[in-house]
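Student: I would like to go through this model term by term. Please set each value against its rule.

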Amino acid sequence: QVQLVESGGGLVQAGGSLRLSCAPSGSTFSINSMGWYRQAPGKQRELVASITNRGRVNYADSVKGRFTISGDNARNTVHLQMNSLKPEDTALYYCNINYPTTTGRNQEVWGQGTLVTVSS
């Protein structure tokens, strides 16, 4: 079973930067898209940024101009560069990979989450 390993979370002051990384623990596989989601206490999980296997990116309005997603399809790795961090960016960040299966249906796998805390 595919497992994702995330890294890069931590504590940073407002205005600072962090870089999150995500990679599968086993062998690589074909993907449809990769993305980062986050969930703050008391809130629903939301999409932060995503990138398709063709390089099309999508960002939440709240992070546009501050965050940059990048991915390596061959290695199934995805990164999230977060600049100009704000206290409202504090959340548990989850990596997500969507991939095709032999049944014709798409499957998703999630990372365990990495905590990002931005102090004011």
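**Strands and pairing**

Tutor: Leucine 11 stands opposite threonine 117 in E11. This is a predicted model, where local features need pLDDT of at least 70, side-chain atom pairs count only at pLDDT 80 or more, and totals for chains, interfaces and linings use all residues. Residues are numbered from 1 along each chain as its sequence is written, and side-chain values use heavy atoms, with hydrogens and water left out.

Student: What makes strand E2 and E11 a pair?

Tutor: Two strands pair if DSSP finds at least two bridges between them. Strand E2 (residues 10–13) and E11 have four bridges, in the parallel sense. Strands themselves are DSSP runs of E, at least two residues long, numbered from the N terminus; helices are runs of H or I of at least four. The protein chain has zero helices and eleven strands.

Student: In which sense does strand E9 pair with E11?

Tutor: Antiparallel, over three bridges, with strand E9 covering residues 91–100. Alanine 91 stands opposite valine 116 in E11.

Student: What are the two faces of strand E11?

Tutor: Thr114, Val116 and Val118 make the covered face of E11 (residues 114–119); Leu115, Thr117 and Ser119 make the uncovered one. In a regular strand the side chains alternate between the two faces of the sheet.

Student: How do you know that E7 and E8 pair, and what do they form?

Tutor: Strand E7 (residues 67–72) and strand E8 (residues 77–82) share six bridges, in the antiparallel sense. They form a hairpin with four residues between them. Asparagine 76, in the turn, has a positive phi of about 60 degrees. Aspartate 72 stands opposite threonine 77 in E8.

**Rings and a charge**

Student: Why is the pair of tyrosine 37 and tryptophan 110 called edge-to-face?

Tutor: Rings of Phe, Tyr and Trp (its six-membered ring) pair if their centres lie within 6.5 Å; planes under 30 degrees apart count as stacked, over 60 as edge-to-face and the rest as tilted. The count comes to two aromatic pairs. In this one the centres are 4.9 Å apart and the planes stand at 65 degrees, so the pair is edge-to-face. The pair links distant parts of the chain: tyrosine 37 is in strand E4 (residues 33–39), tryptophan 110 in strand E10 (residues 106–110), 73 residues apart.

Student: Over which rings does the charged end of arginine 45 sit?

Tutor: The charged end of arginine 45 sits over the ring of tyrosine 94, 3.8 Å from its centre. That charged end also sits over the ring of tryptophan 110, 4.6 Å from its centre. The rule asks for NZ of Lys or CZ of Arg within 6 Å of the ring centre and within 35 degrees of the ring normal.

**Burial and contacts**

Student: Is serine 50 buried or exposed?

Tutor: Buried means under 20% relative accessible area, exposed over 50%, partly exposed in between (1.4 Å probe, protein chains only). Serine 50 has 18%, so it counts as buried. Serine 50 lies in strand E5 (residues 46–52). Contact means heavy atoms within 4.5 Å. Beyond four places in sequence, serine 50 touches Met34, Gly35, Arg56, Val57, Asn58 and Ile69.

Student: Why is tyrosine 37 called partly exposed?

Tutor: Its relative accessibility is 22%, so tyrosine 37 counts as partly exposed. Tryptophan 110, at 33%, is partly exposed as well.
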